[in-house]
Amino acid sequence: MQAARSWSVWISLIGLSLLLVFLAGCGGGGGRNTVRVSGEVTLDGSPLDGASVMFTGPEGGTPVTAVTDASGKFQIDAVPGLNKVAVSKTESAAGGSGDDLSPPDLGVEGARPPAGPKQLVPVRYVNPTTSGLTVEVKPGMEPVKLELSSR
């Protein structure tokens, strides 16, 4: 009985070790085999502050994201190769930050459900497959200029 328990402990430890090795190999950039990309996002020629920029590597995987600063600039660690890019910026329907977590009063007759966040960039840019934005990520590359148009 003691020998069987001892084997089950060893098997559990080996399984845990394999799981940790597997998890260490998974990640969304910032680790092995990534390239630091800097760039700027503009909308109709103006810098886009507070926008989320998402790069999806050539083999899919976990996308990596960054947020633009007041001048529309960002830095991101992306996988080398042709990356699909998406850009999103939202505002709550009330124009605030969307931090009001109080539940809506849906018991009142005629009350409307809360409106979702308002997208501040054209919807086509939000999805990497419809944005039309791609970046060839490679070591030593120049800064990227992502020029969005509301037209």
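This report walks through a predicted model of a protein chain, from its overall layout down to a few single residues.

**The overall layout**

Let us start with the whole chain. It holds 1 helix and 10 strands, and along the sequence these follow the pattern α-β-β-β-β-β-β-β-β-β-β. The protein chain has 151 residues, and 25% of them count as buried. Among contacts between residues at least 6 apart in sequence, 70% join residues at least 24 apart.

**An open sheet**

Some of the strands come together in an open sheet of 4 strands, ordered E4-E3-E6-E9 and paired antiparallel. Its edge strands are E4 and E9, each of which pairs on one side only. On average, neighbouring strands of this sheet are turned by 30° against each other, direction ignored. Between E6 and E9, which run antiparallel, there are 5 bridges. Here you can find Lys84 standing opposite Thr134 in E9.

**The nonpolar core**

Next, look at the largest nonpolar core, which has 23 residues. The members that touch the most other members are Val41, Leu48, Phe55, Phe74, Val87, Leu146 and Leu148. Several strands each supply at least two residues of this core, among them E3, E5 and strand E10 (144–148). Strand E1 (35–43) is also in that group, and E1 gives the most to this core, with 4 residues.

**An aromatic pair**

How many aromatic pairs does a search of the whole structure find? There is 1 such pair. The ring centres of Phe55 and Phe74 are 6.2 Å apart and the ring planes stand at 55°, so the pair is tilted. Phe55 sits in strand E3 (residues 52–57) and Phe74 in strand E5 (residues 73–78), so this pair links distant parts of the chain, 19 residues apart. Both Phe55 and Phe74 are buried.

Is Ala86 buried or exposed? Ala86 is buried, with a relative accessible area of 3%, and its place is in strand E6. Apart from neighbours within four places in sequence, Ala86 is in contact with Ser52, Val53, Met54, Tyr125, Val126, Asn127 and Pro128. The C-alpha atoms of Ala86 and Thr134 are separated by 8.7 Å, while the two residues lie 48 residues apart along the chain.

Asp44 lies in the loop between E1 and strand E2 (46–47). Most residues other than glycine have a negative phi. Asp44, although not a glycine, has a positive phi of about 55°.

The table sets out the accessibility of these residues.

| Residue | Relative accessible area | Class |
|---|---|---|
| Ala86 | 3% | buried |
| Asp44 | 38% | partly exposed |

**Putting it together**

Technical notes
Residues numbered from 1 in each chain as written. Predicted model: local features only at pLDDT ≥ 70, side-chain atom pairs only at ≥ 80, totals over all residues. Heavy atoms only, no water. Phe/Tyr/Trp six-rings, centres within 6.5 Å; stacked < 30°, edge-to-face > 60°. Buried < 20%, exposed > 50% of the residue type's maximum accessible area, 1.4 Å probe, protein only. Contact = heavy atoms within 4.5 Å. Core = buried A, V, L, I, M, F, W, Y, C linked by side-chain atoms within 4.5 Å. Pairing = 2+ DSSP bridges. Axes fitted to C-alpha atoms, helices over the stretch in contact; angles between N-to-C directions.
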